[in-house]
Amino acid sequence: MLLLAFRNLVRRPLRNALTVVGFAVAVAVLACLSAFGHGYRRALGTELDRMGLQMMLVPLGCPYDAAARVLKGKTLENSLPESALDAARHDPAVAVAAPLLMAALPLPNEGRADLWVGLDESALELKPWWHVKTGEPWFSGDDSVILGCDAAEVETRAPGDWFYSPETGQKLRVTGVLERSGTSDDSLFFVPLHTAQRMFQQTNRLTAVAIRLRDPAQLREASERLQRIPGAQVVTLTEMMGTFLNLVGAVRTLLFSIALVAVTVSMLSVFNTLLAAVVERTGELSVMRAIGASRAQIVGLITTEALLLTGAGSIVGIVLALTIGRGVENLVKQFLPLAPSEPLLLLTSTSLWQCAGIGAAVGVLAGLYPAWRASRLHPAEALKAE
Amino acid sequence: MSRLFVLAAGVLALLLAVVAWRIIESSNSPEIPFEPKNRPPPPAPLCPWREPEADLKLFFPDATRYELDTRILSGLRLELAERLGRTPTGDENALHVYRIYREQTPRGAVLTRRAKGAFGAIEIVLAANTKGMVCGLRLQRLREPESIAVALQNPAWLRSFDGRRGDRSWRPGADIPDVAPEARASAEAIADAVRSLLILLAASDESRSQRPMATRHH
C-alpha cells in the first residue's frame, strides 16, 4: 500500500512538491519557535548566573532598561552618586558591591563607539572570567588600562604599550589584555574607577553598582533597604529575567499564532491536493473497489498518501529549521532587550519529535474527508462513465 | 518508475542522515552552566576601507568603479620573508586589493593596513598606480596625541611617499623626510606598513596569472 500511495503521489510531482514545500515552511517556523523558547530561557539563565550577582543599583528611570544597558556594556544618561556605593557596602546583607562607571565616545566615522569602563578591585569578585591573556591581572597605577582582547587586536596594543584617548587627552599604559570571554568585555577599555571619573568629568558619580549578597535568601529584605538610597533604585536579576522572559513570551505567543495559521493553511493545502487527487482518480478508485478493494483499504491508501505528504514536509521543514536556524537567531538577537551570547535556538530531539507528531496529526486530519469521499465511490457509477 | 522511487528514497535517506547528524552534534555540545565558554578566537579583524568614495576622488579622480580582489599569499612566504627582511605576519597571508578602474581600464589599486602607532592603531589607505608606485597616502584613523598626529598628517610628509616602490630603502630621516622626534616611532611604523603593502602587492601581481581569485564588484 505504501508503494502504491507513493506512486500515486509521484504522478503529480509539481503539485505535490509545492504542497510539501508549503507544509515544510510551516513546520520550520514551528520548530524554530519551539527551539527559541527553550534556548532563550536557558541562555538567559546561564548569562545571568555567570555574572555572579543578584541585584544592581541603577539611577532613577526605567530600571530594566538601565540594567540591560549596563549588562550590554552601554552607557546611561543618568548617573548615581558615589554615596550610593558606600550605603550599599554598609548594608549587612551585601557581600560585594562593585561600582561601575561607563562612558561611550562615539566614532561616527567608524559607525561605533569606544566604550570605557571604570571599576575597582571589587569587580574581580563578580567577574569569574576575568583572566588576562598577557600582562598583569590588575591596574598598576592610575594611568593604566586593561583591554578586552578584541579591543587590543583592533588597537594593536600589547602590555607595556602606550594607549591614548584623543577625546579626553588621557595617556595610559597598557598593563594587561584579557582572554576572550565571549561577553561584551572583549571590546571594552577598562581603567581604574577614579581615572574614568576624571577622564569623563564624572567625579563622585557612578553608572551602576553591582551587588552580590552574602545569602541570596536575603534578597527581598536587602532590596527593600537598598531601595531607600537617594537617587538610586534596585533591580534584581530575577526580576530582570522574569521581565525579559515575559517580553519574549508575549512576542512568542504572537509568533505561535502566526505559525498556527501557517500550519492551518498548509493543512488546507494538503486537503486540497488530496481531494483533487481523489476527483482525478475517481475511475481508478472505482475499479479498485470493483475488483475487491474494501472501503478500509481505500481509506488507508488516501491516509497513507496524506501521511507521506506531511511526513516529507516535516522532514524538509526540520532540515530547513536546522539550516536557517543560525540566521534566524542572528536576526532575532538584534531585537532582544538582552541577547545572551549563548545559542538561542536549542533544537532538542523532543521538539523535533513534537514537530513530526504535529505533521502526522495534520496529515491524518487533512486526509480524513478525501479518504471518506474516496471510500464512498460506487463502482457501478464509475464504470458507467467508462 | 522504480528509478524515480530509488531516487526519492535516496533523497529522503540523505535528509534523515542530515537531521540525525545535527541532533547528535547538538546533543554532544558541552554545557558548563556557570563558566563562560572558551570559543576559538576569530582572526584579527582586517582593516576596513572607511571612505572609498572620498579616497577615490582624492587619488583616482577619473575612476568609475573598483572591485575587491583577495589574494592568498601563504604560498609565497619564503619569497616575502626575503623581500620584507622579516617573517611575514599572520595577516600578511592574505591581501585585500581594491582594484581601481576607469570603465575597463585599470588605473591602480588601493590597499589598507593597520600599523602599530606609538599610542594606538594607525589605519593607512595607500593608493598605488599600475606600476606599483605610491600615488597617494592617507591616514584614515589614528589615536596619537595632537603634536604627533599633526606631524604624521602633514600633507608634505605624506606626499613624500609618492613615486616610491617597495624595493627601496625607507628610513625616516634618511630616505623619507624626518619628523619630530616624538612622532618618529609612529612614522617608522607607517613607512614600514606602506613598504610592506607595496611588496605584498608586487608579489601578488607577479603571481596573479597563476590562479584567478574571487572578486567583488562595486
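**Close-up views of a two-chain predicted model**

**Figure 1. Overview of chain A.** Chain A contains twelve helices and twelve strands. The model is predicted. Chain A has 386 residues, and 51% of them count as buried. Of the contacts in chain A between residues at least 6 apart in sequence, 78% join residues at least 24 apart. The chain exposes about 17,200 Å², with carbon and sulfur atoms supplying 61% of this area.

**Figure 2. The largest nonpolar core, in chain B.** This core has 42 residues, and B:I124, B:L126, B:L152, B:W157, B:F161, B:I190 and B:V194 touch the most other members. Two or more residues each come from α3 (77-84), β2 (94-102), β3 (105-116), β4 (121-129), β5 (134-141), α4 (146-152), α5 (155-159) and α6 (184-206) of chain B. The greatest contribution is that of α6(B), with twelve residues. Beyond its neighbours within four places in sequence, B:L152 is in contact with residues including B:I122, B:L139, B:W157, B:L158, B:A187 and B:I190. Another core, of 38 residues, lies apart from this one and includes A:A88, A:A93, A:A103 and A:F189.

**Figure 3. A nonpolar surface patch on chain A.** The residues A:V21, A:V25, A:V29, A:L320 and A:I324 make a patch of about 360 Å². Helices α2 (13-50) and α10 (295-333) of chain A each give two or more residues to the patch. Helix α2(A) gives the most, with three residues, and A:V21 lies in this helix.

**Figure 4. Aromatic pairs around A:W138.** Over all chains the count comes to 15 aromatic pairs. One of them joins A:W130 and A:W138 in a tilted arrangement, 5.8 Å centre to centre with 55° between the planes. Both tryptophans, A:W130 and A:W138, are buried. A:W138 also pairs with A:F139: the ring centres are 4.6 Å apart and the planes stand at 55°, so this pair is tilted as well. A:W138 has a relative accessible area of 15%, and A:F139 counts as buried at 12%. Elsewhere in chain A, ring pairs link A:W116, A:F163, A:F189 and A:F200 into a cluster.

**Figure 5. Salt bridges between distant parts of chain A.** The structure holds 25 salt bridges over all chains. In one of them A:R180 meets A:D150, with the closest N and O atoms 2.9 Å apart. A:R180 sits in the loop between β8 (170-178) and β9 (189-192), and A:D150 in helix α5 (residues 149-154), 30 residues apart. A:R180 counts as buried at 15% relative accessibility, whereas A:D150 is partly exposed at 26%. A second bridge joins the side chains of A:R281 and A:E305 (2.9 Å, N to O). Here A:R281 belongs to the loop between α8 (237-280) and α9 (282-290), and A:E305 to helix α10, 24 residues apart. Both A:R281 and A:E305 are buried.

Figure 6. B:R83 and B:E79 form a salt bridge whose closest N and O atoms are 2.8 Å apart. The two residues are four residues apart in helix α3 of chain B, and are therefore separated by about one helical turn. B:R83 is partly exposed at 28% relative accessibility, and B:E79 is partly exposed at 30%. A network of salt bridges links A:D114, A:E155, B:R50, B:R114, B:E123, B:R141 and B:R143.

Terms used: Residues are numbered from 1 along each chain as its sequence is written. Chains are lettered from A and ligands numbered from 1 in the order in which they are written. This is a predicted model: local features need pLDDT of at least 70, side-chain atom pairs count only at pLDDT 80 or more; totals for chains, interfaces and linings use all residues. Side-chain values use heavy atoms; hydrogens and water are left out. A nonpolar core is a set of buried Ala, Val, Leu, Ile, Met, Phe, Trp, Tyr and Cys residues joined through side-chain atoms within 4.5 Å. Buried means under 20% relative accessible area, exposed over 50%, partly exposed in between (1.4 Å probe, protein chains only). Contact means heavy atoms within 4.5 Å. Patches are made of residues with over 30% relative accessible area and no salt bridge: like charges are joined within 9 Å, nonpolar side chains (Val, Leu, Ile, Met, Phe, Trp, Tyr) within 5 Å. Accessible areas come from the Shrake-Rupley method with a 1.4 Å probe; for residues, only the protein chains shown count as cover. A salt bridge is a side-chain nitrogen of Lys or Arg within 4 Å of a carboxyl oxygen of Asp or Glu. Rings of Phe, Tyr and Trp (its six-membered ring) pair if their centres lie within 6.5 Å; planes under 30 degrees apart count as stacked, over 60 as edge-to-face and the rest as tilted.
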